[in-house]
Amino acid sequence: MIHIYTQIDQGEAWVRRYRGSLPVFACILGFTETCLIPGISAAGLTPEDRKYTACADAEFLYYGATHQPKYPLPPLTAGASPVLISRAVVEKLKIPIYLFNVGLPLIPSVPIIDLGGTTARCLTTGEAMEITTVKHLLEQGLLWGNQLSANISQSYLILSECVVGGTTTALAILTGLGIDAAGKVNSSHPICNHEQKWAVVQAGLAKIPTFIDPLELVAAVGDPMQVVVAGMAIAASRRCGVLLAGGTQMLAVYALIQAIAQVYSLSWQPEAVVIGTTRWVAEDSTGATVDLSLSLGKNSMNRGQEIPPLLATQLSFADSRYPQLQAYEQGFVKEGVGAGAACIAAYLSQNWQQNQLLTAIEAQFEQLMNSLSH
């Protein structure tokens with residue numbers, strides 16, 4: 001149920017080490033106005049819908065389908081929110097959840113830890129956030145990475161995200177760090193809108209110096225989630241395993257971890273950190289996730305960097321009864337809110353196979369459909 005695409009020995013050692021462990025699941029919720037560009041993301045039908053996506057995902061992740069939400073899951077072009085997958089696993093396995101607001105335009109109606117961030121302006125401005133905010137968020141990330149890992153030295157921490165438009169800010173960070181990422185990132189569209197993303201990124205990067213400090217890069221063209229997760233992973237890796245939950249966005253975070261640790265002389269344990277996603281991301285023919293993962297070892301600004309192990313759940317919706325789930329097999333949605341990592345956790349903890357995952361996810365979907373019809 002798990003395939004390891006890069007750094008196979010290191011990935012296998014990580015899987016062996018955490019087999020039988022129950023993780024802690026953290027979801028870091030942020031916002032970038034980049035997502036309001038028409039057509040940039042499919043995570044919400046309209047730009048207005050996309051303002052609510054993170055709040056809706058947070059409520060569903062925390063409460064599930066039977067709860068009356070303040071922010072219902074937004075309509076998508078096709079498919080169903082990946083939070084259905086994550087919720088199915090955390091509910092069944094009773095995985096503890098921590099939600100962090102690092103800069104949302106609206107406050108979700110769930111117990112959430114506010115880290116005092118801000119929403120990011122569109123990356124085309126070259127001034128997405130204030131540098132003081134980015135430095136504050138890094139400190140908060142390091143602090144919470146310590147706190148979340150304090151009692152789980154024998155287990156691992158899942159760091160997931162919800163940032164609509166986040167694969168575009170990821171492309172900006174990767175490119176700004178000297179990594180060849182153009183045409184390699186993923187998106188929630190069935191065919192990735194590479195040209196649009198690249199034009200947006202070029203517009204932002206054109207406004208800043210070529211070689212800048214990684215925190216200044218995040219302030220210029222990033223989003224608030226990236227630096228928080230980087231800080232959390234750096235601190236947590238010293239004590240426990242870390243599963244960076246996502247595709248392109250977490251590859252950007254991994255590159256940022258390397259850059260921040262180097263520039264600011266922060267110790268971390270690369271062998272404790274892996275990236276976990278879905279096969280819809282890892283094998284996306286309109287992106288190049290594996291190639292992008294390998295590119296992290298060929299960073300033009302700092303050669304000889306670590307390449308992260310890239311793991312993916314082999315979950316399939318080909319036999320699902322629901323067209324909204326089958327849409328994943330056509331390339332819609334793919335990943336989000338730690339969906340791939342949740343499936344990896346179900347396998348590691350309970351040895352869940354395809355049928356158990358599918359049954360649990362379809363049950364979530366049925367509950368959601370029932371609640372919408374009442």
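Residues are numbered from 1 along each chain as its sequence is written, and side-chain values use heavy atoms, with hydrogens and water left out. In this predicted model, local features need pLDDT of at least 70 and side-chain atom pairs count only at pLDDT 80 or more, whereas totals for chains, interfaces and linings use all residues.

**Exercise 1. The largest cavity**

Task: Find the volume of the largest cavity, and say which residues line it closest to its centre.

Solution. Rolling a probe the size of a water molecule over the atoms shows where empty space is left. On a 1 Å grid over the protein atoms alone, a cavity is a set of points where a 1.4 Å probe fits but cannot get out, while a pocket is an open set with protein on both sides within 12 Å along at least five of seven lines; a lining residue has an atom within 4 Å of a point. Grid points are joined across faces, edges and corners, and the volume is the space filled by probe spheres set on the points.

Step 1: The structure holds one cavity of 30 Å³ or more, and the volume of the largest cavity is about 480 Å³.

Step 2: This cavity is lined by 34 residues, and those closest to its centre are Ala43, Ser188, Val333, Glu335 and Gly336.

Step 3: Two or more lining residues come from each of H3, strand S5 (156–162), helix H6 (166–176) and helix H10 (248–263); such helices (H or I, at least four residues) and strands (E, at least two) are DSSP runs, numbered from the N terminus.

Step 4: By residue type, the lining of the largest cavity divides into 14 nonpolar, 15 polar and five charged residues, where Ala, Val, Leu, Ile, Met, Phe, Trp, Tyr, Cys and Pro count as nonpolar, Asp, Glu, Lys and Arg as charged, and the others, Gly among them, as polar.

**Exercise 2. H5 against H8 and H9**

Task: Work out how H5 packs against H8 and against H9.

Solution. Two packed helices are described by the angle between their axes and the distance between the axes. The axes are lines fitted to C-alpha atoms, for helices over the stretch in contact, and angles run from 0 to 180 degrees between N-to-C directions.

Step 1: Helix H5 (residues 131–149) and helix H8 (residues 214–221) pack at about 120°, with their axes 9 Å apart. H5 is therefore oblique to H8, since angles under 35 degrees count as roughly parallel, over 145 as roughly antiparallel, 65 to 115 as roughly perpendicular and the rest as oblique.

Step 2: Ile131, Val134, Lys135 and Leu138 of H5 make the contact with Leu215, Glu216, Val218 and Ala219 of H8, contact being heavy atoms within 4.5 Å. These residues divide into six nonpolar, no polar and two charged.

Step 3: With helix H9 (residues 224–237), H5 packs at an angle of about 40°, and the axes are 7 Å apart. This angle makes H5 oblique to H9.

Step 4: The contact of H5 with H9 includes Val134 and Leu138 of H5 and Val227 and Met232 of H9, and its residues divide into 13 nonpolar, five polar and no charged.

**Exercise 3. Asp213**

Task: Locate Asp213, and say which residues Asp213 touches.

Solution. Step 1: Asp213 is found in the loop between helix H7 (194–205) and H8.

Step 1: Not counting residues up to four places away in sequence, Asp213 touches Val263 and Tyr264.

Step 2: Asp213 and Val263 are 50 residues apart in sequence, yet their C-alpha atoms are 7.6 Å apart in space.
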